Amino acid sequence: MMASLAPPSNPSRNLVTNPRTKAPFQIAKTHPISDLLLPFRSIHTQLKLSTGTTSEKRLTTAQAVSERVEEGTTMAQGGENVKLLGAWASPFVIRTRIALNLKGVDYEFLEEVFGVKSELLLESNPVYKKIPVLIHDGKPVCESMIIVQYIDEVWATKAPAILPADPYDRALHRFWAYYVDDKLFPSVSAISRAQTEEAKAEAMEQVFAGLKLLEEAFQKCSKGKGFFGGDTIGYVDIALGCILAWLKATENMTGIKFFDEAKTPLLAQWVERFCANDAVRGVMPETDKMVEFAKMLQAKFKAAASAK
């Protein structure tokens with residue numbers, strides 16, 4: 001049953017525990033809705049979703065923005081003020097949350113409301129007007145993989161390192177992270193947008209081809225260890241891992257297995273390790289919820305196509 005989009009009378013913020021440090025950080029609570037996941041490149045532009053257990057808070061005035069910045073400020077270790085603007089289902093937001101969790105950085109998660117770009121978002125990212133935006137001591141940092149690198153550099157003394165120390169290895173990891181964004185994401189997105197079986201089959205073929213290349217990349221980057229980053233989750237792990245909830249939802253809906261142990265055994269095992277990691281578990285959306293969003297998304301695409 002779809003929940004109402006009307007804001008509750010008493011929005012609130014709850015304290016949640018950082019999975020690594022066990023210290024509390026604040027999350028802005030928003031109202032549960034069942035709305036549409038827009039595919040990857042557009043999801044963090046257009047979708048402002050809430051979690052399934054929260055109450056909604058709309059921010060449309062300068063006063064509300066000021067209250068949002070000041071209310072319940074959480075200070076990270078060292079007295080730093082860290083906030084993240086995002087939506088729970090956005091794979092790009094998931095990237096930044098995993099990176100913060102890996103580093104044990106306490107932060108305040110400010111949930112954007114569906115259909116509304118808050119003034120804080122527009123002020124923080126006036127060029128692209130997209131989530132995620134990391135606000136560190138009042139200074140905004142935009143674009144998910146740029147934010148991940150920023151987190152790795154600012155909290156460099158906190159283990160683990162997200163990017164490897166060796167210059168060649170760093171370049172290699174950046175290359176494959178770029179490949180995920182440039183080639184794999186558009187192919188996965190095309191599956192949801194496909195209006196014919198032929199188009200869907202072509203998109204799936206491209207996804208399988210991309211995963212085969214990433215299987216080979218894993219062998220080279222991991223150097224025989226459990227993650228692209230070696231012993232711990234690294235840059236490519238974060239770039240690729242954020243899409244897993246959507247891929248699992250697609251598997252559920254189509255019956256096609258993307259991570260086949262016969263075809264990509266290394267990646268199939270990696271998926272299990274990645275999703276079981278403490279830094280990932282609390283921010284990875286459940287498959288059933290993603291399936292619900294995907295079905296609505298397909299209905300929206302069909303309705304838009306019929307209206308043309």
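This is a predicted model: local features need pLDDT of at least 70, side-chain atom pairs count only at pLDDT 80 or more; totals for chains, interfaces and linings use all residues.
The side chains of Asn81 and Lys83 make a polar contact at 2.7 Å. Asn81 is placed in strand 4, which covers residues 80-86. With a relative accessibility of 18%, Asn81 counts as buried, because the cut-off for buried is under 20%.

## Helix 6

Helix 6 runs over residues 167-193 and has 27 residues. From its first C-alpha to its last it reaches 38 Å, close to the expected 39 Å. At the start of the helix, a side-chain oxygen of Asp166 comes to within 3.0 Å of the backbone nitrogen of Tyr168.

Where does helix 6 bend? The bend, of about 35°, is at Leu184, and a proline, Pro186, follows within four residues.

## Aromatic pairs

A pair of aromatic rings is described by the distance of the centres and the angle of the planes. The count here comes to seven aromatic pairs. In one of them, Phe92 and Phe185 have ring centres 5.5 Å apart and planes at 80°, so this pair is edge-to-face. Phe92 belongs to helix 3 (residues 91-103) and Phe185 to helix 6, so the pair ties together parts 93 residues apart in sequence. Phe92 is buried at 3% relative accessibility, and Phe185 is buried at 0%.

The rings of Phe175 and Trp176 are also edge-to-face, with centres 5.1 Å apart and planes at 85°. Phe175 is partly exposed at 48%, whereas Trp176 is buried at 14%.

## Cluster and charges over rings

Phe218, Phe228, Trp270 and Phe274 form one aromatic cluster. Arg97 lies over the face of Phe109, 4.0 Å from the ring centre. Lys289 lies over the face of Trp88, at 3.9 Å from the ring centre.

Methods: Residues are numbered from 1 along each chain as its sequence is written. Side-chain values use heavy atoms; hydrogens and water are left out. Helices (H or I, at least four residues) and strands (E, at least two) are DSSP runs, numbered from the N terminus. The expected span of a helix is 1.5 Å times one less than its number of residues. The bend at a residue is the angle between axes fitted to the seven residues ending there and the seven starting there. A polar contact is a pair of N or O atoms within 3.5 Å; within protein, one must be able to donate a hydrogen and the other to accept it, and residues adjacent in sequence count only if both atoms are side-chain atoms. Buried means under 20% relative accessible area, exposed over 50%, partly exposed in between (1.4 Å probe, protein chains only). Rings of Phe, Tyr and Trp (its six-membered ring) pair if their centres lie within 6.5 Å; planes under 30 degrees apart count as stacked, over 60 as edge-to-face and the rest as tilted. A charge sits over a ring if NZ of Lys or CZ of Arg is within 6 Å of the ring centre and within 35 degrees of the ring normal.
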